[in-house]
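Hi everyone, thanks for coming. I'd like to talk about salt bridges today, so let me put the structure up.

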Amino acid sequence: GREVGRNQKADVNFNMRFIKWLDQNYTFSATYEENSDPANRRAQAIIDTISGNPIKTRDINTKNDLSARFNMKVPTLLKSIGKPGTGSKKSSRKRGKQDVDPGEQESQREEEKQEAEKPNQPFFVRRLLHFSGGFLEPVTATWRRNTTARSFNLVERPSLLYQLGIDDSLRVEKRGQGLTQQDAWSRTRSLEMGSGMRFPLGISLKANYNEKLEHRSGSTQTRMRVRKEQRFPRMTLAWGRADRIPLVEKIVNSAQANVSYERSKHSEGEGSLGPRDLITRGRGQEIRISWNGRWRFGPSTNIERVYSSGTDLDFELVSEADSTAVNPPLRGSSSQDRTTTTFKVRHNLKPRSLPLFGKLKSNVDINFEIALEEEERKNATGDAERTRISGDDKWKTTLKLTYNFSQNFRGSGLIRIENNDNLVTEKTRKIREVKLSGTFFLK
């Protein structure tokens with residue numbers, strides 16, 4: 001028979017733990033898919049102009065993933081460096097004075113005098129390292145590279161190195177090219193690092209760094225789009241013992257407070273991220289404050305407030321013939337500000353009897369939410385000042401019920417009230433929704 005398809009996959013996983021305080025993990029995965037069945041081809045068959053016979057072509061899809069993970073156990077490293085010694089040279093010399101000749105004792109006394117004249121060694125540094133090891137968290141780092149490619153109408157099968165993802169160059173002749181079947185290629189590199197610190201009273205601080213670089217082919221193979229995203233700093237301050245406050249601990253069983261701050265920036269260009277090749281560039285930031293706790297009489301509460309803002313700039317592409325332009329002209333700019341406040345309460349009830357139904361094995365989940373949202377968007381053309389194009393002031397209240405009064409009856413309910421005020425058109429959109437449902441099971 002004739003081979004009409006091929007699917008193959010290779011995986012490699014390697015762990016290194018030769019160093020006590022450093023864990024390493026390396027993975028590689030390569031997937032190769034080939035389709036040469038003429039019955040499944042959508043495009044018209046390609047005919048050889050010399051012999052008049054149809055040319056046997058194939059379509060391939062490849063995906064390669066390479067990653068490396070590192071876990072640096074900083075607490076273990078610091079504690080091993082600051083570990084106190086078992087003894088000193090001076091004490092060993094004093095213990096061995098009785099077994100040494102009188103001439104050697106005089107030489108030892110001179111050495112002790114010289115050591116006494118030397119400045120004291122900073123033993124407190126070792127103690128500080130050993131002490132700080134109890135507050136620092138391990139440093140983790142993950143690097144990943146993902147490559148995907150799709151090619152059509154290949155005359156021959158690519159080399160084995162290309163199938164396994166070792167070689168990136170496709171040195172195979174192709175015949176024909178359609179508008180709906182265009183070759184595509186993309187590669188993404190990402191790097192993420194994180195660590196943290198622990199403080200007394202249940203307070204912790206975590207910091208993260210994230211970077212992503214993407215290359216992908218545009219409408220044609222000669223055009224390459226490059227996009228870079230970076231998030232730094234990403235910091236989160238958490239207090240896991242927020243219920244220890246006087247007077248609060250009498251009504252709250254467990255509570256946690258979080259404050260996070262994040263800044264991000266991104267840019268996209270044609271071919272590279274140089275000033276002449278930029279298409280878009282933007283910055284953003286987000287501040288998030290939340291508190292969640294469980295009351296002693298049953299329900300749990302979550303309060304969260306989020307403020308985010310961002311600015312984007314769009315540029316015109318500079319012609320290659322124009323060598324005088326250093327920075328591309330500004331096409332337009334936009335900005336967005338959003339503030340969200342959310343209050344959620346969740347409670348679970350298990351009533352065992354009702355006046356009309358008698359004794360029941362019931363379970364009722366109640367979810368109540370109040371959300372306030374303000375959003376404003378501005379836009380401008382060129383270097384002009386940005387003006388508001390949209391503004392929304394929204395609030396909504398939602399009550400969700402999920403009840404199960406017995407094994408034979410289940411149901412749910414929803415009550416939603418929402419108002420959306422458009423600050424530009426000065427119109428209000430109102431939503432009122434009531435929904436009840438139940439299901440009986442006959443056995």
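Here's one to start: which side chain does R416 meet in a salt bridge? It's E418, at 2.8 Å from N to O. By salt bridge I mean a side-chain nitrogen of Lys or Arg within 4 Å of a carboxyl oxygen of Asp or Glu. R416 is partly exposed at 23% relative accessible area, while E418 is buried at 8%. Buried is under 20% relative accessible area, exposed is over 50%, and partly exposed is in between, with a 1.4 Å probe and protein chains only.

Quick housekeeping: this is a predicted model, where local features need pLDDT of at least 70, side-chain atom pairs count only at pLDDT 80 or more, and totals for chains, interfaces and linings use all residues. Residues are numbered from 1 along each chain as its sequence is written, and side-chain values use heavy atoms, leaving out hydrogens and water.

Okay, the total: 27 salt bridges. Let's look at two of them.

E270 pairs with R225, with the closest N and O atoms 3.2 Å apart. That links distant parts of the chain, 45 residues apart: E270 sits in strand β8 (residues 252-270) and R225 in strand β7 (residues 224-239). Strands here are DSSP runs of E, at least two residues, numbered from the N terminus. E270 is buried at 17%, and R225 is partly exposed at 22%.

Then there's R227 with E268, at 3.4 Å from N to O. R227 is in β7 and E268 in β8, so this pair ties together parts 41 residues apart in sequence. R227 is partly exposed at 26%, whereas E268 is buried at 12%.

And these join up: R216, R225, R227, E229, E268 and E270 are linked in a network of salt bridges.

Note on methods:
Helices (H or I, at least four residues) and strands (E, at least two) are DSSP runs, numbered from the N terminus.
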